[in-house]
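Subject: Structure handover

Hello,

Here is the structure I promised to pass on. Please open it alongside this message; my notes follow below.

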Amino acid sequence: HHHFTVIAPPPGWDDWQAVDGARFYGYQLNDNGTVTKPAEYSTDEVAARAVGVLESAGTRPLFLLVTPTTPHRPIDPAPRHLVVSAPAGVDPGRYRLMLSGMDLLQRIIDAAPSDSYLIVTSDNGFHTEPKWGKGKPWDSDTRVPLVVIGPDVEPAERGEIVANIDLAPTIASWAGVRPPDSVEGASLVPLLRGERVAWRDELTLELVGNWSAIRTRDELTVTWSDGLVERFGPERLNGPR
């Protein structure tokens, strides 16, 4: 494992704590430059630290980014989840791993002030066929959950095409600041309020050097690195069958 060295929080952060090395046990924790080796299961350690930050924040505005390692391999669930049975059709090991992440999420929801905005999403999806992996243009890998709750969020399910590039403009809207012109994406605030607004109808996806793709509401067009172009309709958005 590559170990990082941090003497103080990176630029822009007041408080920076990160798990390093091993994933669930035997890891190092870099707490603003001080390295410790907690015995606690890492997802629970991260949860406890996140809750601590929320509880000590008082009324000051706060941006908190929480990125647990769950559900990355190794398949090493928290002890309380070792014998939980998984729903039909779901990989049991991966499911048990996820449960500590769900616990973390619940603890943060319980600790967050009532006027908080909470974004729950993932950096990537995953495919299990023909073998486990990620980094393909299919929906299994690129289409991840995005759930937002907050004071003026209209409970609904929206069908617009949104992406991680929209998160920074959204957070800037909430904070009342204008993001730099170099920031791409659009604020999701009008969508979250339930408004009907003009919105993109396609999104570029790319794994540099491997493929680029355009995803519309019901079609995926992939240009592979060898120049082959393939178009997939609604029934094949998760790859050739």
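The largest cavity has a volume of about 30 Å³. Keep in mind that this is a predicted model. A search of the whole structure finds one cavity of 30 Å³ or more. Its lining consists of Tyr 117, Asp 152, Val 153, Trp 174, Val 189, Leu 192 and Arg 193. By class, that lining has five nonpolar residues, two charged ones and no polar ones. As background, rolling a probe the size of a water molecule over the atoms shows where empty space is left.

The second largest pocket

This pocket holds about 820 Å³ of space. Its lining is made of 25 residues. Nearest the centre of the pocket lie Trp 13, Asp 15, Trp 16, Leu 64 and Leu 65. Sorted by class, the lining has 16 nonpolar residues, five polar and four charged. Which elements supply at least two residues of the lining each? They are strand 1 (17-20) and helix 1 (42-56). Helix 1 gives the most, with five residues.

Strand 1 runs antiparallel to strand 2 (residues 28-31), and four bridges join the two. Within this pair, Gln 17 stands opposite Asp 31 of strand 2.

Leaving aside residues up to four places away in sequence, Ser 42 touches Val 19, Arg 23, Phe 24 and Tyr 27.

Backbone points to check

Two cis peptide bonds deserve a look in your viewer.

- Thr 70 and Pro 71 are joined by a cis peptide bond, with omega about 5°. Pro 71 sits in the loop between helix 1 and helix 2 (92-111).
- Glu 129 to Pro 130 is also a cis peptide bond, with omega near -5°. Pro 130 sits in the loop between strand 4 (118-121) and helix 3 (139-142).

Then there is Asn 32. Its phi is near 50°, a positive value in a residue other than glycine. Asn 32 is found in the loop between strand 2 and strand 3 (34-36). Its relative accessible area is 22%, so Asn 32 counts as partly exposed. Partly exposed covers the range between the buried limit of 20% and the exposed limit of 50%.

The chain as a whole

The protein chain has five helices and nine strands. From the N terminus on, the order is β-β-β-α-α-β-α-β-α-α-β-β-β-β. The C-alpha trace spans about 50 × 45 × 35 Å along its principal axes. Of the 241 residues, 29% count as buried. The chain exposes about 15,300 Å², and carbon and sulfur atoms supply 53% of that area. Take the contacts between residues at least 6 apart in sequence: 43% of them join residues at least 24 apart.

Best wishes

Notes. Residues numbered from 1 in each chain as written. Predicted model: local features only at pLDDT ≥ 70, side-chain atom pairs only at ≥ 80, totals over all residues. Heavy atoms only, no water. 1 Å grid on protein atoms, 1.4 Å probe; cavity = no way out; pocket = protein on both sides within 12 Å on 5 of 7 lines; lining within 4 Å. Points joined across faces, edges and corners; volume = space filled by probe spheres on them. Nonpolar A, V, L, I, M, F, W, Y, C, P; charged D, E, K, R; others polar. Buried < 20%, exposed > 50% of the residue type's maximum accessible area, 1.4 Å probe, protein only. Contact = heavy atoms within 4.5 Å. Areas by Shrake-Rupley, 256 points an atom, 1.4 Å probe, with all protein chains shown as cover. Pairing = 2+ DSSP bridges.
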